[in-house]
Protein chains: 2
Amino acid sequence: MAALGQTVVGYMDPVFVNMMEELKTLLRYAFQTGNALTFPLSGPGSVGMETCFVNLVEPGDKVVVCRNGVFGGRMIENVQRSGGTAIVVEEEWGHAIDPQKLEDTLKAHPDARLVAFVHAETSTGAQSDAAALCAVARQHGCLTIVDTVTSLGGTPVLVDAWGADAVYSGSQKCLSCTPGLSPVTFSAAAIERVKARRTKVQSWFMDLTLVLDYWGATQRTYHHTAPGNSLYGLHEALRLLAEEGLENTWARHRRHHAALKAGLEALGLSFVVAEAARLPQMNAVRVPEGVDDLTVRRTLLQEHAVEIGAGLGPLAGKVWRFGLMGWSCREDNVMAALAALEQVLPQVGHGVEAGAAVAAAHRAYAAEHLRAAA
Amino acid sequence: MAALGQTVVGYMDPVFVNMMEELKTLLRYAFQTGNALTFPLSGPGSVGMETCFVNLVEPGDKVVVCRNGVFGGRMIENVQRSGGTAIVVEEEWGHAIDPQKLEDTLKAHPDARLVAFVHAETSTGAQSDAAALCAVARQHGCLTIVDTVTSLGGTPVLVDAWGADAVYSGSQKCLSCTPGLSPVTFSAAAIERVKARRTKVQSWFMDLTLVLDYWGATQRTYHHTAPGNSLYGLHEALRLLAEEGLENTWARHRRHHAALKAGLEALGLSFVVAEAARLPQMNAVRVPEGVDDLTVRRTLLQEHAVEIGAGLGPLAGKVWRFGLMGWSCREDNVMAALAALEQVLPQVGHGVEAGAAVAAAHRAYAAEHLRAAA
């Protein structure tokens, strides 16, 4: 937050340009990639998503989109608005995408050029096997677009190991930075596809061939005014991530997730996602029968300063989503949320034993300590 | 800058939603409009431009674009990428758009649906008569898109008095806020046109019918995560603008422009734009014969901490652009720039009398004081 308030310098100033280079290096570490074209777009994650689609989809292209939540649905919109045809692999909300279903779909559509999926569905907390899905796509000659908005910095995102081609994320989730930036990375094959387009990219702002002249070249050309202060913030957030180290960050997310999970289950709440596909940083649990969703969320926010996410789409009113992302993934937040729930749930008719959730979380932390010491 | 570093709250938090309402009110004051749909887009001015075009242009539409600099050229790109046909009113760079030329063009193209022009060309410092151009467009049944990126908060932008339909700006010029936001305002006729579209807006992110559900409605629906910290900054910048008052702000820009102009002319530099069309906040002067553009700009930046703008497009290497925008439009900046030029110009073979430019600026300030006292 202190970095955000630093004096803005010109977006062509040598000092600023040097910071841009550092940002690219730090982002390559976060994404675990050697991709030259790795930088933050000047817009939120939705701009990251749309940039991937408008650059990689040409009118008439067939694109396989895997949908298991809200953001897969948004991908379909993006394919269609880019003039492509979306072939949808449907998966139940809260489940990981089944690579076999993708395989079957690609066999049925050998002319598909692109596969898109969400690695970590923010709407449900389900994680798909990105390595497996990318491998299937590759075997069928397709490039991949992968949404890592909620996973980057919270759970392993291994762009090069996966062999993913166009990957976007957001600054405000596990990177714990200000909202409004979308880190992206593109493989050489993705850049080749963009350069071989027969038609112009429909968006001037998102046209990678133009943005490249500012972020990619040694001789920088003005494209748009870079959001200087937000970039300062991202630089600092990524520096902190590198300081902690990805392995440590991932372990921290798992540790606090285990404690939150123990507490939520002690409250009688059940997870939407099966354990194997569960993200540590996004915990979606079912609203208990007869309990009013909005009353609970409003009371948590107004009386306990705890904000939890509402359900989206078909899950509206049916689930609560507990984010444990980046800097907010800490013991004090876990305990504050559980203690508040212990107070609020009985007020809305869901009886819980006072102290049970907090005690369960304590036991989980203790078990983790023992495991780490062993 | 302090506002930028405040704690982020959720983009659905009642406190945040209340700030959004205040932002809309403050922006209506800045734009001098009663338009209900007045809010900041989550992207730089280029997103403002593209949002206006992708929403108001449908494939096959004929759009008249007036071009007298870089940003008129970008408008043509936007028309074409939106599937429209651009009819271009060409004007010499550095000149205001001639309303008669627009009139003649509209007579020749009675099926045009839209007129677009830049109120204040950042690339040259020329100001066009927005009221006259909007009136001509209206007489021919066209809606208008007006770029006020460099004018808003520096020189009168009177959206309702002009009768402009879609107007966009940027946060980082005369509003002196962080780069990355684009304030926009739309007339009822513009909204009607968007709602009557036969085709979907090609951009999901910029689709006003979707963005409206977040910024426009009383029941807010998630569209994308709002750039919270940047919005805090804009709120504070607009509050400061309202505190000073638009009339006072405009007068301040004129006063410091007069002093800078006196100093630049004392240095033997001549303005690109004729006096009648000259913007106070963007002062473009010709690089003197035989003087190396880059050497001067680099020396000013590295040795005097004064950054001036380079020429863009056909004016690259030929002009220098002195911004006097918002908070930076102050006597100390005028004097620092002139004093630095007095030192640097003789080093590159352009002889100037030591102290002459600063003295000329002093006299201009004194004359302004006398005028104000009279």
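Buried area is the accessible area, taken with a 1.4 Å probe, that two parts lose on being put together, summed over both. In this predicted model, chain B and chain A bury about 3600 Å² between them, and 57% of that area lies on carbon and sulfur atoms. Arg81(B), Pro179(B) and Trp204(B) supply 20% of the area that chain B buries against chain A, more than any other three residues. The contact draws on 44 residues from chain B and 44 residues from chain A.

On the side of chain B that touches chain A, the residues divide into 17 nonpolar, 19 polar and eight charged. Helices α2 (45-56), α3 (70-81) and α9 (228-244) of chain B each supply at least two residues of that side, and the largest share, five residues, comes from α3(B). The count of salt bridges between chain B and chain A is four; one of them joins the side chains of Glu77(B) and Lys200(A), with an N to O distance of 2.9 Å.

Turning to the backbone, most residues other than glycine have a negative phi.

| Residue | Phi | Relative accessible area |
|---|---|---|
| Ala305(A) | near 55° | 67% |
| Ser176(B) | near 55° | 34% |

Ala305(A) sits in the loop between α11 (293-304) and β11 (309-310) of chain A, and because its relative accessible area is 67%, Ala305(A) counts as exposed. Ser176(B) is found in the loop between β8 (166-168) and β9 (182-186) of chain B, where its 34% relative accessibility makes Ser176(B) partly exposed.

Conventions
Residues numbered from 1 in each chain as written. Chains lettered and ligands numbered in written order. Predicted model: local features only at pLDDT ≥ 70, side-chain atom pairs only at ≥ 80, totals over all residues. Heavy atoms only, no water. Contact = heavy atoms within 4.5 Å. Helix = DSSP H or I, 4+ residues; strand = E, 2+ residues; numbered from the N terminus. Nonpolar A, V, L, I, M, F, W, Y, C, P; charged D, E, K, R; others polar. Buried < 20%, exposed > 50% of the residue type's maximum accessible area, 1.4 Å probe, protein only.
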